[in-house]
Each structure stands twice: as C-alpha cells, then as structure tokens.
Amino acid sequence: MYDPNYLNPLRNSRHIPEELTESLLKSTNLVEKGNTMKTSLQLVVAALATATVSTLSAFSPALAVTFGQQEVEQSKFIAVAQPLAGNTYKLLLIEQISNQRQCWSESSSNPVKVEPLLLQFDFTGICGRGLDSNGYSVRMAEQDFGLQYTLKLMNRDGDLLLVATSNNDPKAQPIVIGRTNGIADGFLKINLDPAWRFTKRTYEGKTLGHVYFTADQMLGAMPEGTTGTSSSKFKDVVNDVYAPEIDEAVTLGFVAGFNDNTFRPQATLTREQLVSLVVESLKRLPNVNITVPSQAASRPYPDVDGSRWSAAKVQFARDNKIVSGYQDGTFRPEQPVTRAELVTVLRRAAEFGKTQRGLSPELTPKVTPKTFSDTSKHWAASNVTQMSAYCNVASPLNEVGNSFFPDQPARRNYAAAATLRMLNCVKGEQ
C-alpha cells in the first residue's frame, strides 16, 4: 500500500550532490526500482554520513559553476501538491519518461485534481519521481540555488502556493513559483507561474535525473552576499523589475502597499481591483475633473450589489465603456483578471482619458509595436499589439523574451506598471 509519508532517506540529504548519491546507491546495489528496493537502506547510511562531511566543501561553493541545465518538454513533467496528515502538503514531482503507461491523470479544474497512476505499478523506466531536495531544486539566472532555497507549499487565502524560502535569511519574502488555483481533497496540480519552467540538471555534459524549477532571471530577494538594484520602500519589490514604476505609482496615489510594508507584487488582481486601479489613475490626469459617486445608485451588474465597496467605480467604468460584463450579464468582480483583459481595459481607459482632455480618442503609436509569439490567434491580439506601441503598456512577461502570456493572471507589479505607462502616455498627448 502506498504510504503518503514515504521518503527515501538517501534522497532526503540536502547537501549530498546527486551524482555522489547515485554512485553510492549503485555501489551498494540500492537503486530505487519502481516501488521496490533491492536491499536494506541501512547498508549505506553510515557511508553517506561520512561522505557528506568530505563532499560538502568540494561541491557546495561551486554549484553555480559545476552544474548546467538542459531544456525539457514541459508536458512530460508535473508538480503536484501531495496531501499529508493535518491538512499539510508536500511537493511531489512526476516525470513521464516513456509512453508505455500513463504516469498520472488529471481531472476537474481550479484546482486540477491529479491521480498519481505510477503508484499502481512498477514504474521503472516509465516514470520518474522526485520526493525531496535531491530530486528537485531552484535555479535562477543560470545559477543553482539548491543550497540557498528550500521548496515548500504554503496555504494562503484559499490557495496552495509553491514557494522557495531562503535558508540564509528567515526574514526574506518567499519567492512564488506556482499555485494550485484552489484547494480540494486529494493530489492537486501545481501550475507554474509564467516566469518558471522545468529543466534538468547537467554535470560535465551529462543530463542527470535532478529537475530544476527554472527562471531566467533573479526573482524575489537576492541571496545573501548579493546587492539589490532598487531602493524601494517595499521590502518585497527591492529586486522586482517593476520596482521603480511601482514606487512611482504609489507616490501618485492610485495604488498602495499593505500595512506590513509589502506590496505583494506577485499577487493576482481581481476584476474589481483592476477597475479601482484604473479609475483612480484617471483621476490623476491634469486639468481633468473625474468625479465618482461614493455609492452606486443601483446594482451595476446582477452580481455586484450596490453596497459593495467597488460598486460605484464599477458603475462608473461601465457607464463610460471602460469595462463590460460577460454575455450572461454578470461582471464576476472577484475573478482574477488576465493580462489580455488588463491591456484591453487600459486601452479603453486611455481612450476615455484622451476624450476627457478634449483630444481625439485615437491612440497613436509612440514606439514600434511588438510582435509577440503567443498572441496572433488570441481574441485580444489587436489590443495587445496596439498597446505595445502605446508607451509599451503591453510588454513581455517580466520584460523578458517575446511572449506576452495573454491568458495568465495579471500580477500587481505589472498591473501597476502598465497602468502608470498608460497614464503617462495620456498625459503626454497634445
């Protein structure tokens, strides 16, 4: 019977390099074969304990130099939140090595439930399984941070977040890598945030079994010994690519941080929060008097009560054609807004802002429009292209690459920056 708390003790030693662990495992005939073991774990515990002391100094300082990464087919990997006792979870990583048998199945949505089928058969050569830090780790900006960060699952606001926490600085903000988009019984799929992907570790040109959660740039707080690039007032955006724009937006007053001195740049934005952000930004236009009633006269939408905190702003945005509802007549105020929806609303806001300044609503390009690799067949393709030429309101995720990720949830950092760009562009119109 499958034990959800099962861990291979040999693969639970954080500081033993994988290639050394594998060597010792093989030399003692203790390689995991599906869900069976060839011999007792006790045969090599003493050997590994001794090896840890002698190898730490040889491998730990050189991780960033010694190990490389190999790109992989993303669909062959899945990160899973595995339920444990006491409503806790741990990270399980599954790899589909061959197509002989399916290693997992998926069902439902938000969250996606996972059936780990590999537990029902001997998965040797068919599936791979990562159970702890010897099976997976964090890699950013082409550096291995397996010793600096620990991967954990955190329950936050009805969602399970996969985060990397600093081993050196307990006060550092966790780096969010992925999320389940809800909580339900059983195994749940962890959807990686757009900046992250799976890769495999390489050593001297050889691809190893170790899997990286990989980002092309440093995200979150820098490890100890490095210097940040921003002097932001918010401790969790000091190294955020949007930090200067976040600070400017906060100074202008159309967005704010939280009482704990954080901005929560990776938090998603709901539809009603976006409306509030955009309406407040439009109030900052010079020589324009935009007045929003303190309370809505009636329900702007069937699912937005007139007493709701956002109702008056939603009504104002609806009446001025800045936002619209869905075909069923609802607005869905608490639904996360996508990056495509964000840009579309900002286009309408810019047009409205120009008319309030007595100008033509037409948005003339300010820079060369970008050609994104993932928007040509999207419903918002024209909006995204147009707003990329309008002061770079539409830009690649984290300002890197040529993908826009139109259907990904909009984060607070980009929403603040994109809204600021829209506002400044409208201000500069003649």
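**A buried aspartate and its surroundings**

Mentor: Asp-193 is buried, with a relative accessible area of 5%; keep in mind throughout that this is a predicted model.

Trainee: With which side chains does the side chain of Asp-193 make polar contacts, and at what distances?
Mentor: Leaving aside neighbours within four places in sequence, the contacts of Asp-193 are Val-176, Ile-177, Gly-178, Arg-179, Gln-266 and Arg-411. Two arginines in that list also have side-chain polar contacts with Asp-193: one is Arg-179, at 2.9 Å, and another is Arg-411, at 3.1 Å.

Trainee: Is Ser-388 buried or exposed, and which backbone nitrogen does its side chain reach?
Mentor: Ser-388 sits in helix H8 (residues 381–389), and its relative accessible area of 0% makes it buried. Apart from neighbours within four places in sequence, it is in contact with Val-367, Thr-368, Pro-369, Lys-370, Phe-372 and Ala-394. Within that group, the backbone nitrogen reached by the side chain of Ser-388, at 3.0 Å, is that of Lys-370.

Trainee: How far apart in space are Thr-270 and Glu-334, C-alpha to C-alpha?
Mentor: Thr-270 is placed in the loop between H4 and H5 and counts as buried at 15% relative accessibility. Not counting residues up to four places away in sequence, it touches Pro-333, Glu-334, Gln-335, Pro-336 and Val-337. Thr-270 and Glu-334 are 64 residues apart in sequence, while their C-alpha separation in space is 5.2 Å.

**Helix packing**

Trainee: How are H7 and H9 oriented to each other?
Mentor: Helix H7 (residues 339–356) and helix H9 (residues 412–427) pack with their axes 10 Å apart and at an angle of about 25°. The contact involves, among others, Leu-342, Leu-346 and Ala-350 of H7 together with Ala-415, Ala-418 and Met-422 of H9. The crossing is right-handed, and because angles under 35 degrees fall in this class, the two helices are roughly parallel.

Trainee: How do H7 and H8 lie to each other?
Mentor: Here the axes are 9 Å apart and the angle is about 60°, with H7 passing H8 in a left-handed crossing. Val-343, Thr-344, Leu-346 and Arg-347 of H7 meet Asn-383, Val-384, Gln-386 and Met-387 of H8. The orientation of H7 and H8 is therefore described as oblique.

Trainee: Which description applies to the orientation of H5 and H6?
Mentor: The axes of helix H5 (residues 271–282) and helix H6 (residues 311–319) come within 9 Å and cross at roughly 70°. On the H5 side the residues are Val-275, Ser-276, Val-279 and Glu-280, and they meet Lys-313, Val-314, Phe-316 and Ala-317 in H6. Since 65 to 115 degrees is the range for this class, H5 and H6 are roughly perpendicular.

Trainee: Against which helix do the buried residues of H4 pack?
Mentor: In helix H4 (residues 243–252), the buried residues are Ala-243, Glu-245, Ile-246, Asp-247, Ala-249 and Val-250. Just after H4, Gly-253 takes a positive phi of about 95°. The helix against which the buried residues of H4 pack is H9.

**Backbone geometry in the loops**

Trainee: What is omega at the cis peptide bond that joins Asn-110 and Pro-111?
Mentor: Most residues other than glycine have a negative phi, and most peptide bonds are trans. Asn-110, in the loop between S4 and S5, has a positive phi near 45° and is exposed, with a relative accessible area of 60%. The bond from Asn-110 to Pro-111 is cis, with omega about 10°.

Trainee: What phi does Lys-321 have?
Mentor: Lys-321 belongs to the loop between H6 and H7 and is exposed, with a relative accessible area of 66%. Although Lys-321 is not a glycine, its phi is positive, at about 60°.

Definitions and conventions. Residues numbered from 1 in each chain as written. Predicted model: local features only at pLDDT ≥ 70, side-chain atom pairs only at ≥ 80, totals over all residues. Heavy atoms only, no water. Helix = DSSP H or I, 4+ residues; strand = E, 2+ residues; numbered from the N terminus. Buried < 20%, exposed > 50% of the residue type's maximum accessible area, 1.4 Å probe, protein only. Polar contact = N/O pair within 3.5 Å; in protein donor to acceptor, adjacent residues only side chain to side chain. Contact = heavy atoms within 4.5 Å. Axes fitted to C-alpha atoms, helices over the stretch in contact; angles between N-to-C directions. Parallel < 35°, antiparallel > 145°, perpendicular 65-115°, else oblique. Left-handed = near helix turned anticlockwise from the far one by under 90°.
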